[in-house]
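Keep the structure open beside you as you read.

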Amino acid sequence: MSDGLLPSAPPGGSIRIDRQLPLEARTWGRVLDLSQLEAGDLILTRSCESASDPISIAIARAQEKGGFDKRHAQWTHAAVYLGDDEHLCEANFKNGGYPNGVIIRSAFGYCDGNHAIRARRPARMTAKQRLRIAIGAVSNVGKSYSISQIKDFAMAAYSGKGFWDGTGKRGPRIKMRGLVCSTLYQDAYNFALQGGYRIAWGILCTPAHLSASPDFEENDPPLRWLEIAKT
Amino acid sequence: MANEQEPTPRAAGGESHQLLEQQTKEFTARAKGALEARVQRLVPGSLVYVETASDDHPFVFGLSNVVIRQIDGSYSRYCGEPFGQLGLAVGSSVLVVDAPGPDATLIIDPARASQTGGLLSRARIRNLFKTR
């Protein structure tokens, strides 16, 4: 289950779409069936052709070095599903066609035959609380990545030292002071909880933390590919 | 005649004064068991992350659980004031009451919020000795 929906999985049906679609989905000829998902669900993605994505390799390696099993460390990006069968809120940078920072984009942009996708649903939360996760994420739209945060993150990943202090006792080598994809979800989740709690997933929350966390339902909501019917 | 049934500005002011007094009484009592904490990360309009010296796990507070201690010693609920106006920044000193839980409260005292560094440094030094 933690491998998510692979691009090699056969389509579970077909769909006729008359509206505009991201170039990736039009080219590949498939979209994601998100009908089983609900607002506030977590979306994890990873590139399957990792050789073409050195950033993803570095993040995965750093997460593995941080003690995560490969099946969790392989996830390199996180987003919040908004509940309309298509859109996600995510923090991203150097994403062609979009400004750096927190954006709303079509999940079908990941339908390029190269990305694996996984969905997770927060456990012990009402539908209204999960909706607040989506609201919490959207309230950050337009906020940018902190440049120093990107630098810290990249240096920790590329140096081979990883995100965590070697002893594993003194906590992370770097501290999250800005938004990255996984802290966007973390902030939105904490916004939904209200009150004053110990922060879920620690000071340095990565996609691997979200993949491994028991704070989500054990069974992932089902995802499948739909072939775009040719008219 | 209708005016007689509507609260006069004075009466409304009296009610809000009563509420303020009630809040002040409540938070003055609760603040006695407060833990000192430092702001670790601010998400304007949404969240405040803080760390305490006694707990390795930082806390996160929604803004509905934030109160402000005024110069005269009274307490009022946070009402969207810009963090900068309250002197709140990463490293600022704050107080944590009844955490963790839905009724946990973060007390911002603008007079002490500007004090930065001490607790965090002590916590770091303590951790350093713990692991070496």
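In chain B, A37(B) faces V94(B), which sits in strand 6 of that chain. Strands here are DSSP runs of E with at least two residues, helices are runs of H or I with at least four, and both are numbered from the N terminus; two strands count as paired if DSSP finds at least two bridges between them. Strand 1 (residues 35-43) of chain B meets strand 6 (residues 93-97) of chain B in the antiparallel sense, over 4 bridges.

This is a predicted model, in which local features need pLDDT of at least 70 and side-chain atom pairs count only at pLDDT 80 or more, while totals for chains, interfaces and linings use all residues. Residues are numbered from 1 along each chain as its sequence is written, and chains are lettered from A and ligands numbered from 1 in the order in which they are written.

Strand 1 of chain B also runs antiparallel to strand 2 (residues 47-52) of chain B, joined by 6 bridges. There, R41(B) has Y49(B) as its bridge partner. These two strands make a hairpin with 3 residues between them, and G45(B) in the turn has a positive phi of about 80°.

Now turn to chain A, where an open sheet of 3 strands has the order 1-9-2 and mixed pairing. Its edge strands, strand 1 (14-15) and strand 2 (30-33) of chain A, each pair on one side only. Strand 1 of chain A runs parallel to strand 9 (residues 224-228) of chain A, with 2 bridges, and I15(A) has I228(A) as its bridge partner.
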